[in-house]
Amino acid sequence: MNGNGRVHHRTGDDIPDYRHGAPIALKYVKRGYHLLVRHALVLTLAPFAAMGFLELTSMYHNGDLERLWFTARETEVTVSLLVFILSCLLLVSIIATYFAKRSPPVYLLGYHCYKGQPHLKLSKELFMEMTKKKEQQGVFTEESVTFQEKVLHRGGLGDETYIPEGIMSDPVDASMEAARDEAREVLFTCVEEALAKTGIKPQKVDILIVNCSLFNPTPSLSAMIVNKFKMRSNVITYNLAGMGCSAGVISIGLAEQLLQVYPNSTALVVSTENITQNWYFGNEKSMLIPNCLFRVGGAAIVLSNRRRHKKRAKYQLMHVVRTHMGQDDAHYECVYQKQDSNKETGVFLSKDLMKIAGHALKANITTLGPLTLPLSEQLLFFVNLVARKVLSMKVKPYIPDFKLAFEHFCIHTGGRGVIDAIEKQLELTHDMVAPSRETLYRYGNISSSSIWYVLSNIETKKGVKKGERVWQIAFGSGFKCNSAVWKAVNNVDERHVAWLEATDVDKKVK
């Protein structure tokens, strides 16, 4: 939006092209390579230790060790043989100790995405009808109504997104109780369905993490779930607030860390956003955009660190990479909840938001690359980096091909411009970003839960084969770019309720 009040509908060109933009900070490269090198010695010795152990086992069963011992005694090399055997055993012990102390795996057993009630569907026509009624009531100006109509029609949303009961009602009910009703409907439905899918009883949940950025009552949303499902008194609960649309990945990262500490545990992660008290009834254009994009949604995810659950799990969590750009004021203030000049509360979106998202994306993938890319891509990237940074050679930055690292991409549905930009910058195919576009069209921007709707779309329409890798990437206030990487441990082709009726979504999406 410029000073004349005109809105610029951004495309992928507004994000700085990280392929040819400012140089990549070496600190982000070091983070990724540090993790890779940390276990280099063990990874190098492991094959040799395994070969030695198998050889010794074979020699023992065949009687070769006994014959070798007698031969050594006759030729007076007993000490040398003993040293050799002890060395082999020591090497095997080191490897065994490493595997015994390694971090337990984190498995995704199942999840559920909320699907709203039919009477709460918000078509573009109904949205404009409601908006114009507010204009007649003196809430919105004619200019604001026109602006919202432009954003709505260019935002990539369809006619079947959902809003809460309080916003749909006339007059609007934005009370605390209405907001709690929205939370109960979404959270309780998601949790009940996710636990039913995985066969986990509420009393068996050891860790509960809930994230909701803008609605945080007392008692908390996590306490609301504990009360509803009568969970144990010693359940470990967390309620994450104010962390924006990338909080879903943050919650997964927190669950992963807790599952490293508490053995044989089950974690329940619930991601949502609450719309009832966060619909903006003012006329600041930078604060009206969320009305046009954000809709009701939520997801509940069940995780486990029990190794026996691998047989029935969907995925194993491989990496969580979090990037926080809040050290810079422009990044920190680009998504900002505030009051306008008339004391109406809303969320301000900076005109530089897309540019800032590009910076965060560059930092995140620079750290993620060494953890996920094939060795050949890493070597090419590293050689190129040395040539530019150390040798000061004037060569173009080498951009790794992330299509070699992942088969599936779950991009946060922040808007059509966000998806377009990621598609361009990562050089993805249309088919790779189609699930994200379809999710935006069907459900809108559903904040931190959007990456789960995208994954459910992939599972329902394409399926995920054992061994395939999934990259979930999300942006959020602060400013943050967070990634979660999953690897399918079994074939996954669940037909999710969220997508069963939308068989013609692909035809509608352009």
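**Entry 1: a serine in a loop**

I began with serine 477, which sits in the loop between strand E12 (469-476) and strand E13 (480-488). Helices here (H or I, at least four residues) and strands (E, at least two) are DSSP runs, numbered from the N terminus. Before going further I noted that this is a predicted model, in which local features need pLDDT of at least 70, side-chain atom pairs count only at pLDDT 80 or more, and totals for chains, interfaces and linings use all residues. Residues are numbered from 1 along each chain as its sequence is written, and side-chain values use heavy atoms, with hydrogens and water left out.

Is serine 477 buried or exposed? I found a relative accessible area of 13%, so serine 477 is buried (under 20% is buried, over 50% exposed, in between partly exposed, with a 1.4 Å probe and protein chains only). Leaving aside neighbours within four places in sequence, I listed Gly242, Met243, Gly244 and Val335 as the contacts of serine 477; contact means heavy atoms within 4.5 Å.

In that loop between E12 and E13 I also came upon phenylalanine 479.

I noted a cis peptide bond between threonine 218 and proline 219, with omega about 0°. Proline 219 belongs to the loop between strand E4 (207-211) and helix H9 (221-229).

Lysine 230 is not a glycine, yet I read a positive phi of about 55° for it. I placed lysine 230 in the loop between H9 and strand E5 (236-240), and at 54% relative accessibility it counts as exposed. Asparagine 264, not a glycine either, has a positive phi of about 50°; I found it in the loop between helix H10 (247-261) and strand E6 (266-272).

**Entry 2: the whole protein**

I stepped back for the totals. The protein has 18 helices and 13 strands, and 51% of its 510 residues count as buried. Taking contacts between residues at least 6 apart in sequence, I saw that 80% join residues at least 24 apart.

Two pairs illustrate contacts between separate parts of the chain. Alanine 194, in helix H8 (residues 176-198), has its C-alpha 5.0 Å from that of tyrosine 111, 83 residues apart along the chain. Alanine 194 is buried at 0% relative accessibility, and beyond four places in sequence I found it touching Tyr111, His112, Ala300 and Val302.

Valine 492 lies in the loop between E13 and helix H18 (505-508) and is buried at 4%. Its C-alpha is 5.0 Å from that of valine 464, 28 residues apart along the chain. Setting aside neighbours within four places, I have valine 492 in contact with Lys314, Tyr315, Glu459, Gly463 and Val464.

**Entry 3: the core**

Which residues touch the most other members of the largest nonpolar core? Among its 127 residues, I got Ile225, Leu303, Trp452 and Trp486. Such a core is a set of buried Ala, Val, Leu, Ile, Met, Phe, Trp, Tyr and Cys residues joined through side-chain atoms within 4.5 Å.

I then compared axes, which are lines fitted to C-alpha atoms, for helices over the stretch in contact, with angles from 0 to 180 degrees between N-to-C directions. Helix H6 (residues 142-154) packs with helix H11 (residues 285-293) at about 50°, the axes 9 Å apart. H6 and H11 are therefore oblique (under 35 degrees is roughly parallel, over 145 roughly antiparallel, 65 to 115 roughly perpendicular, the rest oblique). From H6, Phe147 and Val151 are among the residues I saw meeting H11, whose own include Leu288 and Ile289.

H5 and H6 pack at about 170°, with axes 10 Å apart, and are therefore roughly antiparallel.

How many residues of H11 are buried? I counted nine of the nine, so H11 is largely enclosed by the rest of the structure. Those buried residues pack against helix H5 (124-136), H6, strand E9 (335-339) and strand E10 (345-349).
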